[in-house]
Amino acid sequence: MHTEFNNETLRVSGDITVKTLTGETFERFQQQCRLKGIVAVDFSGVNHADSACVSLLLEILRRRKDSIRLTGIPESVRALSELYEIKDWLKS
């Protein structure tokens with residue numbers, strides 16, 4: 001997983017799976033979510049995603065009580081959000 005902050009958007013790319021999301025990567029993501037200039041998180045660069053990506057989305061929503069746009073959420077993650085009954089939380 002790779003992240004880049006540009007033009008008020010945190011862009012996430014690469015694979016986000018239980019095999020690729022390390023503790024270090026998750027911690028860095030948490031720190032980036034605390035940045036005040038972020039208004040959107042874009043997942044359109046994600047190649048493969050599973051429940052690990054759901055955990056990132058929940059981390060964003062937990063840390064950012066203010067309005068933040070979630071864009072480019074992979075279809076596999078949308079399907080999981082329906083299964084976990086949290087799809088209404090992921091408005092994008």
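**Ground rules.** This is a predicted model, where local features need pLDDT of at least 70, side-chain atom pairs count only at pLDDT 80 or more, and totals for chains, interfaces and linings use all residues. Residues are numbered from 1 along each chain as its sequence is written, and side-chain values use heavy atoms, leaving out hydrogens and water.

**Salt bridges.** I looked these up and found three in the structure. In one of them, the side chains of Asp42 and Arg11 meet at 3.4 Å, N to O. Asp42 sits in strand S3 and Arg11 in strand S2, so this pair ties together parts that are 31 residues apart in sequence.

**Strands.** I take helices (H or I, at least four residues) and strands (E, at least two) as DSSP runs, numbered from the N terminus. Strands pair if DSSP finds at least two bridges between them. S2 (residues 9–16) runs parallel to S3 (residues 40–49), joined by seven bridges. On its other pairing, S3 runs parallel to S4 (residues 69–71) with three bridges. Asp42 turns up again here, with Thr71 in S4 as its bridge partner.

**Helices.** How far apart are the axes of H1 and H2? They are 10 Å apart, and H1 and H2 (residues 51–63) pack at about 30°. I use axes fitted to C-alpha atoms, for helices over the stretch in contact, with angles from 0 to 180 degrees between N-to-C directions. Contact means heavy atoms within 4.5 Å. In H1, Phe26, Phe29, Gln30 and Cys33 meet H2 residues including Leu56 and Ile60.

Terms used: A salt bridge is a side-chain nitrogen of Lys or Arg within 4 Å of a carboxyl oxygen of Asp or Glu.
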